[in-house]
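Look through the model below before reading on. The paragraphs after it take up the ligand site, then the chain interface, then the regions listed in a database record.

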Amino acid sequence: MNLAMKDIGSNLSRFLLTLVGVGFLITAAIGMVGLYRGIISDALLIIDNIGADLWVVQGGHAGPFAESSAISPTMDRRVDGVAGVAGARRFVQSSQQFEFEGRDVRASVTGLDFPEDVGGWLRVVRGRHLASAHFEAIADVSLGLALGDEIRLGRDDYAIVGITRGMVDAQGDGLLFVTVNDAMTIASRRNSEEILLARNGMAETADAASASNAGRIAAVVVGLDPAADPERVRAVIGRWGDVDVLSRDDQHALLLDQRLWRLRIQILAFTGVLLVVMAIVISLIIYTMTLEKLHQIAMLKLIGARNSVIVSMIVQQAAMIGLGGFAVGLGFAEAIFPLFPRKVAILPGDLFSLVLAVVVISGVASSFGIARAMKVRAQEVLA
Amino acid sequence: MTRSPILSVRDAARHYQSGETVIRALDGVSFDVFPGELVGIVGPSGSGKSTMLLIAGLLELPTGGCVAFEGEIVSRPGGSIAGLRDFRRRKIGFVFQKANLIPFLTAAENVALVLQIDDVPAAAARLHAERLLAALGLGERLDNRPARLSGGEQQRVAIARALANDPPLLLADEPTAALDSVRGRQVMELFRTIADVRQAGIVVVTHDNRSLDLFDRLVEFSDGRIVAVTDNRPAARPASRPGAA
Ligand SMILES: Nc1ncnc2c1ncn2[C@@H]1O[C@H](COP(=O)(O)OP(=O)(O)OP(=O)(O)O)[C@@H](O)[C@H]1O
Ligand SMILES: [Mg+2]
């Protein structure tokens, strides 16, 4: 007979409650780590997917994501002429709020340099890419728009022709892709008050194209020849003086270590606290479970049970609490996190680390329990 | 008829150091228990009865003297209690004032457990447990957990558990103290039968004067020493002559 199972079976509701408790702790840990991963992956989404080896941005500005940046709309042609450059595209992005069917929608309007870029790198799950130079848009599903919807941006109406999934900016606002020319038009047609504020230098926004930069683009996205030396291309463009060149790694560093630094540290700190709490609670539960059975353990010793009988009972229960709790926690996580407003990225590697942590925690706690159980003397039954 | 004793306690002592003073819980006790013999241990509170049972049951080591099973010395000062667990499992059954059943196991499981930890297959262990419990009048309560059994029933399950391995020696410390007189008498009669039928040697510590007639021999303790031995059936077996005070 399996003592561990018999014990649990005799008080099943309590065991299940414990599993749910441990499960929620693990759900919270998965969520915290996943939120952190999600924020980073959202922030790096465009940088990692747009196909840029280099970004040409306004001189002295770490744009277009960490700081604002505005450069000449014809800069792409200049860049295209540099030896080693395979392609140069214009990039524009601005936060826009508009009304749709009576609700306010906040979107990060991003320009695709049509017709070179029709959005082939987007995760389009429904509909199609851009096919016209004007008035078509691809919207992320998080914006709540459907294929065929018409939205008004600036003074024009745009038709939603494609839907993407999981494409948001660092703030979590859904991306709305239009052609670069449309994006520039939209960015320049903000209300007059905003324009005034911006002109007076009072609007400190990180938008890729702020109102004062109407008619300008935020950056040029540069793809290099496979054979080209990136440092050489950088040096050539850098010598022009009016622009700076940032690599993909530079953009990563700017976002993660500067723009998102505080947020990251904060989330990591909370994650750390949560993991410590999880460790303490799980260990206490497992250790207490053993303590509660010391009398029975003494009895087992009295009737001559080998230590292996006692050890395996403790270890099995610890494993059931630890791994069972993990399974429950993961189940909750899979069920509820997709409903959260921000992306919670549950990565296999993180799950593996977490399950490893749970196994170690359960192992350490049960070894304390075992050490205590080994000290129990058979005659304590009589106490 | 000269049978050799199952249990021989020789000059056993157990002294506890308590600060400056030494408590002589047991102070040089010798006696034998033969197969089929029901021995009662009586004496005032604190006279060392339980201590003697712990030492005879290989749950504690003596600080002096030794304990022998079937002529072989198994416990002496400086020995190892942990190393005696296997021996204990096969040779000694225990019954205490409280039944001390494992609460999350049924009556049958509590009894079968003893066999299973001695590597008896589950089905055989279960069958044996059922027979034993039925023999003790608990055939209807096999699948009840201890919490649903009366005190007397629990105590009978505890006795079945002690008997499961068919040990040659049974040690009981005030097994009837928590029972009313009728149930207490039943339990004592059960011990008498077990001694007669199974030829187990049985030592019972008791305060219960009403059942003393069932015992073959009564050993009286006082201050850690044996002060009197009464043979109820002197003809039945060779007399043991302890070095009484
Ligand atoms: N671990 C110990 N440490 C110190 N003294 C002890 C210890 N165990 C027992 N004693 C003492 O040894 C003496 C004998 O105790 P024991 O339990 O054997 O008595 P007893 O005859 O069983 O008494 P009772 O009838 O009350 O159960 C008592 O004075 C007791 O206080
Ligand atoms: Mg006692």
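In this predicted model, an N or O atom in the side chain of B:Ser50 lies 2.7 Å from an oxygen atom of ligand 1. The backbone takes part as well: a polar backbone atom of B:Gly48 is 3.0 Å from an oxygen atom of ligand 1, and for a backbone N or O atom of B:Ser47 the distance is 3.2 Å. These are polar contacts, that is, pairs of N or O atoms within 3.5 Å; within protein, one atom must be able to donate a hydrogen and the other to accept it, and residues adjacent in sequence count only if both atoms are side-chain atoms. Ligand 1 has 13 residues around it, with B:Ser45, B:Gly46, B:Lys49, B:Ser50 and B:Thr51 coming nearest; a residue is included if one of its heavy atoms lies within 4 Å.

Residues are numbered from 1 along each chain as its sequence is written, while chains are lettered from A and ligands numbered from 1 in the order in which they are written. Local features need pLDDT of at least 70 and side-chain atom pairs count only at pLDDT 80 or more, whereas totals for chains, interfaces and linings use all residues, and side-chain values use heavy atoms, without hydrogens and water.

Now turn to the interface. Here 26 residues of chain A are in contact (heavy atoms within 4.5 Å) with 25 residues of chain B. The two chains bury about 2300 Å² between them, 61% of it on carbon and sulfur atoms; buried area is the accessible area (1.4 Å probe) lost on putting two parts together, summed over both. On the side of chain A, A:Met1, A:Ile303 and A:Arg306 lose the most area to chain B, together 28% of what that side buries.

How many salt bridges are counted between chain A and chain B? The count is two, where a salt bridge is a side-chain nitrogen of Lys or Arg within 4 Å of a carboxyl oxygen of Asp or Glu. A:Arg306 forms a salt bridge with B:Asp119, at 3.1 Å from N to O.

The last topic is the record. UniProt, in an unreviewed entry, lists "domain: ABC3 transporter permease C-terminal" at residues 269-375 of chain A; such annotations may be inferred rather than shown by experiment. In the model, residues 269-375 of chain A are 85% helix and 0% strand, with helices (H or I, at least four residues) and strands (E, at least two) taken as DSSP runs. The end C-alpha atoms of this span are 38 Å apart.
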